[in-house]
Amino acid sequence: MNQPQADFAIIGGSGLNELATLEQSSFCELTTPWGSPSGAMMLGIWQGKSVVFLARHGRPHHIPPHAINYRANLFALKQMGVRQIVAVNVVGGIHVSMRQPGQFVIPDQIIDYTYGRSNSFCDIEGETVRHIDFSFPYNESLRQRLLDAVKKLKLHCHPSGVYGCTQGPRLETAAEITRMQRDGCDIVGMTAMPEACLARELDIAYASLCLVVNPAAGLTQNIISLAEIEHHMQQGMGTIKEILSTFLSDAVYARARE
Ligand code: HPA
């Protein structure tokens, strides 16, 4: 059977679990040797490009970060021929300049604090293990093209940052954030890993567009309010879609830089 194909994938996180902007869209259900993805993927055209949208937490949002089948998600996108993935993540801000909700960050580094997540396709005993290089976990060309889109829209965005990925689903303690600060983390979220390293194992270019929705735990006098997170998520997603749209409209010229 012919698999539907797409060049680009957008993986939406909390606050982005559908993409009404996709034209001629249809849903596509795939199974993989690693199980089922988070849900049906939406395939369509956006800015003349073939795009598949996958809601990481399912539609409606029901799969917590630690229970996502990241391997099935990434493998399904590979089966669809995807060559470039833009992941959307909401995060808490740690660095003093990144604490204000509503800011955008395109991270260039990751520190992985997760545990117990299936983080490789190489887990079959006896098969050759592939030790991928992961010095620079995000694809630099894709990151630059996202930054170009942000600049074109005259938006402010942090062009780099260290994403600390925690296990969740609970938020962090104040002491954990202090430790992450010492480690050099600028933002904190729960979903960058193992998504980023699985994409690398499959040779798919991967970059992330992060929206800060709260100052991380213990960095203000207040405890973290989910209502506040929700509010900033809703506020920021319109702009995220504008950035994605601009990125896709220019993507054809940038392919040679992949
Ligand atoms: N911590 C972890 N993940 C998050 C946060 C946070 O403060 N905010 C949004 N996602």
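This is a predicted model: local features need pLDDT of at least 70, side-chain atom pairs count only at pLDDT 80 or more; totals for chains, interfaces and linings use all residues.
Student: Is D203 buried or exposed?
Tutor: A residue counts as exposed when its relative accessible area is over 50%. D203 has a relative accessible area of 56%, so this residue is to be called exposed.

Student: Which relative accessibility does K154 have, and how is K154 therefore classed?
Tutor: K154, which is found in the loop between α2 and β8 (157-158), has a positive phi of about 55° although it is not a glycine. With the cut-off for exposed set at over 50%, the relative accessibility of K154, which is 75%, makes this residue exposed.

Student: Why is T114 counted as buried?
Tutor: T114 has its place in the loop between β7 (109-112) and α2 (140-152), and its side chain is joined to that of D112 by a polar contact of 2.7 Å. Buried means under 20% relative accessible area. T114 is counted as buried because its relative accessible area is 17%.

Student: Which strand gives the most residues to the shell around the ligand?
Tutor: The residues around the ligand include V90, V91 and G92, together with others such as L171, E172 and N214. At least two residues of this shell come from each of β5 (84-93), β10 (187-189) and β11 (205-215). The strand that gives the most, with three residues, is β5.

Student: What percentage of the ligand's own accessible area does the protein cover?
Tutor: The ligand sits in the largest pocket, where a nitrogen atom of the ligand is 3.4 Å from a polar backbone atom of V90. A nitrogen atom of the ligand also lies 2.6 Å from an N or O atom in the side chain of N214. Of the 260 Å² of accessible area that the ligand has on its own, the protein covers 94%.

Student: What is omega for the cis peptide bond between M193 and P194?
Tutor: A cis peptide bond also joins G168 and P169, with omega about 0°, and P169 is placed in the loop between β9 (162-165) and α3 (174-183). P194, for its part, lies in the loop between β10 and α4 (195-201). For the cis bond that joins M193 and P194, omega is about 10°.

Technical notes. Residues are numbered from 1 along each chain as its sequence is written. Side-chain values use heavy atoms; hydrogens and water are left out. A residue is near a molecule or strand if one of its heavy atoms lies within 4 Å of it. A polar contact is a pair of N or O atoms within 3.5 Å; within protein, one must be able to donate a hydrogen and the other to accept it, and residues adjacent in sequence count only if both atoms are side-chain atoms. Accessible areas come from the Shrake-Rupley method with a 1.4 Å probe; for residues, only the protein chains shown count as cover. On a 1 Å grid over the protein atoms alone, a cavity is a set of points where a 1.4 Å probe fits but cannot get out, and a pocket is an open set with protein on both sides within 12 Å along at least five of seven lines; lining residues have an atom within 4 Å of a point. A molecule sits in a cavity or pocket if more than half of its atoms lie within 2 Å of its grid points. Helices (H or I, at least four residues) and strands (E, at least two) are DSSP runs, numbered from the N terminus. Buried means under 20% relative accessible area, exposed over 50%, partly exposed in between (1.4 Å probe, protein chains only).
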